[in-house]
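Thanks for coming. I will go through a few places in this structure, one after another, and then stop for comments.

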Amino acid sequence: MLLAKEFPNIDSAASEIVNLSAIRSLPKGTEYFFSDMHGEYEAFLHMLRSASGMIKTKIDIALGKTVSSTERENLANLIYYPDKEIKRLRKEEMITDEWRRLTLYRLILVCETVSAKYTRSRVRKRIPESVAYIVDELLNVTEDVNKDYYYEEIINTIIETDIAEHFITLLCELIQSLAIDRLHIIGDIFDRGPRADIIVDELKSMHDVDIQWGNHDISWMGAASGNWALIANVIRISMRYNNFDVLEDGYGLNLRALAVFAGETYQNDECELFMPHTLDDNVYDPVDTKLVAKMHKAITIIQLKLEGQLIARHPEWEMKGRDVFSKVNFDEGLIGIGGTTYKLKDCRFPTVDKNSPLTLTEEEHELMTVLANSFMHSEKLHEHMRFLYAKGSMYKTANGNLLFHGCIPLDKKGELQSVIIQDREYSGKELLDKLDNIANQAYFLNDGREKEYASDFMWYLWCGPKSPLYGKDKMAFFERYYLDDKSLHTENYNAYYRFSEKAEVCERILELFGLDSEKGHIINGHVPVKIKNGESPVKANGKLFVIDGGISKAYQKATGIAGYTLIYDSHSLILAEHKPFIAGESEHTPNIHLVERLKHRENISDTDKGSELQEQIDDLKELMKAYRSGLIKER
């Protein structure tokens, strides 16, 4: 028996039961929920480093009665950016032994406050081994010791040995680490913003993180699995926002072939419709916007062809109406939609054979082969994709809450909407489980029909009308580019978004996933909450949280804010409403809103982890019975 090897006698088993029972009695750790970062790495990293304003709250609790508000603000900035702040202070000749002494003392007090709910061993695991003993001693001074004198002696020694600034940095990083116990990412790490790769690198360093895939994440995952339409899609979106850094510097994807092809093919075309929307300047590889526009148009035409091919290959998707590119009258620059004929805003299609509009030219095919090879051989890209697969899924249940990016597809009557996958209908939880399996097959299977089908389906997950990640009847991709009539740009949301505003529907969905409908919540992203128009992220009498508030600059004009963080601690559920992040400005404290006070303070015993620990306790009790009965001999 494996358990008996680890706990060879009654005393060792009993000791572990006491330890696990003590852990279950501690307050639950604080969970943080973020959604729809869309590559906006500076804003997101600030939210992590500041724990969405909660570290400032802890500073106020620890030091509010003795330290001025300005000094507390300065200490907060030091905790968020220790290397940067120490460098600045050193340059301004403000670092003295007195500053070191005072800063160390204050950081220890803040660290005590942040770590109060954790066991000593758990805190120690977060401390770098080289200083673990010193920090452990500072945080756990016994009552019979003169605390101030003890602190003073240790702090003086740290200063005398010339490790104070290094030690200050370690304490700041420890506070950051302890402030966020568990991190949930509700999808859409990628696209629009400049450096999704930096966000993923940061997530990889977190101690407890899970990801619920968004449709933009799936687009990149599908591209990494070899889907040409999605390779074209992620490049097109990057061209649309003049975002070369994530492609070239982040993932080492070579776009030279696209630049040469576009420059030659569209050399006499100004490509006015394809001028990029520049939200952030490229740092590493500035590209002339006129060339970007040509590259943008080239990859857009290729994508339209490839998507049409996918739709033709999969009639079961019932998306024939979305193959609009095949319906274009290329001679006259017209298209008929819904019985009405529309004039295209751009009628120059040098690579399109009007008799076979979905066929790639030889040059386009060669270009896509080169681009696909670049995606397949990017070590950094695949390192990040494997992380998304390892930590990610279509949905997650966590401590009674249901987390997913988009929706649970519903029909017009509010009933579960089914999707046909390989001649079988799936809906609800079964649908999401099946799609999770397909996403894994797309990436991890070797070549074969099953791999090809799964890879194709990644595109459907990106934009299909019944995709839980997309949740709209169509992606009006072609219409937005080529047609002036704004009514054609409308993308209608799945009925879920209407019915989910009713508490009883949310409760039914929670029960579908085996959760307590009275206690649990649904937590979504995907749909930007337009707070400036009076919309609220809290819906269905508090059963549903929609936490896409516009971290991405692309959405901030629509939302009026710069994102949300949902914070679930042992006392309450809190929404942090963020202001636009401007690098270099010190004041980014979010507006904090209490949305639900829990009926009682929740301990680890109330969480999923608590249930796991109880199972271990039950197993250990059975082991003790076996020892006492002589069934298993003690060692």
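The side chain of D60 makes a polar contact with the side chain of R72, at 2.7 Å. Keep in mind that this is a predicted model, and that side-chain atom pairs count only at pLDDT 80 or more. D60 itself is part of helix α4, which covers residues 54-63.

Next, a lysine. K305 sits in helix α17, residues 289-313. Is K305 buried or exposed? K305 has 0% relative accessibility, and therefore counts as buried; the limit for that is under 20%. What lies by the polar end of its side chain? The backbone oxygen of T359 is 3.1 Å from a polar atom of the K305 side chain. Leaving aside neighbours within four places in sequence, K305 is in contact with F325, T351, V352, P357, L358, T359, L360, T361 and E364.

The structure holds five cavities of 30 Å³ or more, and the largest cavity has about 150 Å³ of space. Which residues lie nearest its centre? They are E307, R322, W459, M475 and F477, out of 15 residues that line the largest cavity. Helices α17, α21 (449-463) and α22 (477-482) each supply at least two residues of that lining. The largest share, four residues, comes from α17. By class, the lining of the largest cavity has ten nonpolar residues, one polar and four charged.

Now the second largest pocket, with a volume of about 600 Å³. Its lining is made of 24 residues, and I23, R122, I604, K609 and L613 lie nearest the centre. Helices α2 (10-24), α8 (120-126) and α26 (608-629) each give at least two lining residues to this pocket. Which helix gives the largest share? That is α26, with five residues. The classes in this pocket's lining are six nonpolar, seven polar and eleven charged.

On to the strands. Strand β2 is residues 182-185. R182 and H184 point one way from β2, L183 and I185 point the other way, and all are buried. Strand β1, residues 31-34, is joined to β2 by four bridges and runs parallel to it. Within that pairing, Y32 stands opposite L183. β2 also pairs with strand β3, residues 209-212, in the parallel sense, over three bridges. There, I185 stands opposite I211.

The last item is an open sheet of three strands, in the order β4-β5-β6, with antiparallel pairing. Its edge strands are β4 (328-329) and β6 (340-343), each of which pairs on one side only. Four bridges join β5, residues 334-337, to β6. G336 has T341 in β6 as its bridge partner.

That is what I have. Comments, please.

Key:
Residues numbered from 1 in each chain as written. Predicted model: local features only at pLDDT ≥ 70, side-chain atom pairs only at ≥ 80, totals over all residues. Heavy atoms only, no water. Polar contact = N/O pair within 3.5 Å; in protein donor to acceptor, adjacent residues only side chain to side chain. Buried < 20%, exposed > 50% of the residue type's maximum accessible area, 1.4 Å probe, protein only. Contact = heavy atoms within 4.5 Å. 1 Å grid on protein atoms, 1.4 Å probe; cavity = no way out; pocket = protein on both sides within 12 Å on 5 of 7 lines; lining within 4 Å. Points joined across faces, edges and corners; volume = space filled by probe spheres on them. Nonpolar A, V, L, I, M, F, W, Y, C, P; charged D, E, K, R; others polar. Pairing = 2+ DSSP bridges.
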